[in-house]
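Student: I have a sequence and a model open. Show me how to read them, one feature at a time.

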Amino acid sequence: MPEKRSISVIIPNYNGKHLLERYLPATLEAIEQAGVSAEVIVVDDASDDDSVAFVDNHFPSVQVLVNPKNRGFSYTCNQGIKAAQYDLVMLLNSDVALEKDYFDRLWRYFDHSDTFGVMGQIINSQGKTEDAARMMAFQGMKFKATHFYHSKDPEKWLPTAYLSGANALIDRKKLLELEGFDEIYSPFYVEDVDLSFRAWRMGWKCYYDHQSICHHEVSSTTKKHHTKKKLYPVLYRNKFILQAIHLDGMDLWKWRFQLILVEIMPRVLLGKWWIIKAYLAYRKKQPEIAHSKTKLKKLMQKHQGQKSLFDIKKEVFDTVKS
């Protein structure tokens, strides 16, 4: 039998009182069924909807941390990660409901010392799979992880390019070794991809379990508070940052040419001027990108991680059959 481990559940919250009211009970039920020592930490990102008072009054067993000002997803999650006390950290969105048996199949992954984390299947409010295992692929020098896949064999271990920040169960010691999410991506987007890529490059593995199911309310958080006009520049800025951090040498130079010719110019010609805003914002992040690259290289040397994402794709994902 796989060894069960204690869990710290980290739930970032911003004006999500109605979501906590609806979904937090499911989290507590799943923890109770798991039968392990656990804690739930809600990290409030300066909400103004009485979220904090609601949790304090209705869920006294839940620990609440409060950011003095709004700092975004990465910073908020990192506050919870630093406070976590138990073996595994469950990163969970406030609009996600875990099924009661969510944890039952996940213990086995952590019997292997090189496991970084595992996520389950996310089903949206229309009953469709919203997130599953992701293949690691490339378009030229550009990383892609858009293709879902899963196996009909429930016992097959499936690697995933990245763990969704909405429902990732992660080894706490490894998570702390990576210092949690890189806050260069604040306020949101792509930070979970980067975290998983860094884990893979340490020599650790990310898995997906199709039989562990949770349910997600579609577009209930970030998209509710921000328009596409504001979201797209942030999303693409962060995509550019991701590439710049994880590419080196000639690969990095090739990607820079591809960025201008394939990403920037076609959109400008179509009148999508927001791409210029995204690119300029990315350029302003150069000192922080250099710092993130240096930290990553030092960690890879410490853990004898010598592989690029191209190497990992070839050795792990090219051998996987859907």
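Student: Leaving aside its neighbours within four places in sequence, which residues is leucine 169 in contact with?

Tutor: First, the ground rules. This is a predicted model, where local features need pLDDT of at least 70, side-chain atom pairs count only at pLDDT 80 or more, and totals for chains, interfaces and linings use all residues. Residues are numbered from 1 along each chain as its sequence is written, and side-chain values use heavy atoms, with hydrogens and water left out. Contact means heavy atoms within 4.5 Å. Beyond four places in sequence, leucine 169 contacts Ile7, Leu88, Val89, Met90, Phe103, Leu106, Phe110, Phe116, Gly117 and Val118.

Student: Which residues touch the most other members of the largest nonpolar core?

Tutor: A nonpolar core is a set of buried Ala, Val, Leu, Ile, Met, Phe, Trp, Tyr and Cys residues joined through side-chain atoms within 4.5 Å. Buried means under 20% relative accessible area, exposed over 50%, and partly exposed in between (1.4 Å probe, protein chains only). The largest core has 99 residues, and Met90, Leu98, Phe103, Phe116, Leu169, Phe240 and Trp255 touch the most other members. Helix 7 gives the most to this core, with 9 residues. Helices (H or I, at least four residues) and strands (E, at least two) are DSSP runs, numbered from the N terminus.

Student: Which way do the residues of strand 4 point?

Tutor: In a regular strand the side chains alternate between the two faces of the sheet. In strand 4, Leu88, Met90 and Leu92 point one way, Val89 and Leu91 the other. Strand 4 (residues 88–92) has 5 of its 5 residues buried, so it is largely enclosed by the rest of the structure.

Student: In which sense does strand 4 pair with strand 1, and in which with strand 13?

Tutor: Two strands pair if DSSP finds at least two bridges between them. Strand 1 (residues 7–13) pairs with strand 4 in the parallel sense, over 4 bridges. Serine 8 has valine 89 of strand 4 as its bridge partner. With strand 13 (residues 167–171), the sense is antiparallel, over 5 bridges. There, leucine 88 has aspartate 171 as its bridge partner.

Student: Now helix 10. Which of its residues are buried?

Tutor: An α-helix has 3.6 residues a turn, so residues three or four places apart point the same way. In helix 10, the buried residues are Ile289, Ser292, Lys293, Leu296, Leu299 and Met300. They cover an arc of only 130° around the axis, which puts them on the same side of helix 10. That arc is of the directions from the helix axis to the C-beta atoms. On the other side, Pro287, Lys298, Gln301 and Lys302 are exposed.

Student: What do the buried residues of helix 10 pack against?

Tutor: They pack against helix 4 (172–177), helix 5 (191–202), helix 7 (228–246) and helix 9 (274–284).

Student: Is threonine 27 buried or exposed?

Tutor: Threonine 27 is buried, with a relative accessible area of 1%. This residue lies in helix 1 (residues 17–34). Not counting residues up to four places away in sequence, threonine 27 touches Val9, Leu92 and Leu98.

Student: What does glycine 120 touch?

Tutor: Glycine 120 is in strand 6 (residues 115–124). At 0% relative accessibility, glycine 120 counts as buried. Leaving out residues up to four places away in sequence, glycine 120 touches Tyr102, Asp131, Asn167, Tyr208, Asp209 and Ser212.
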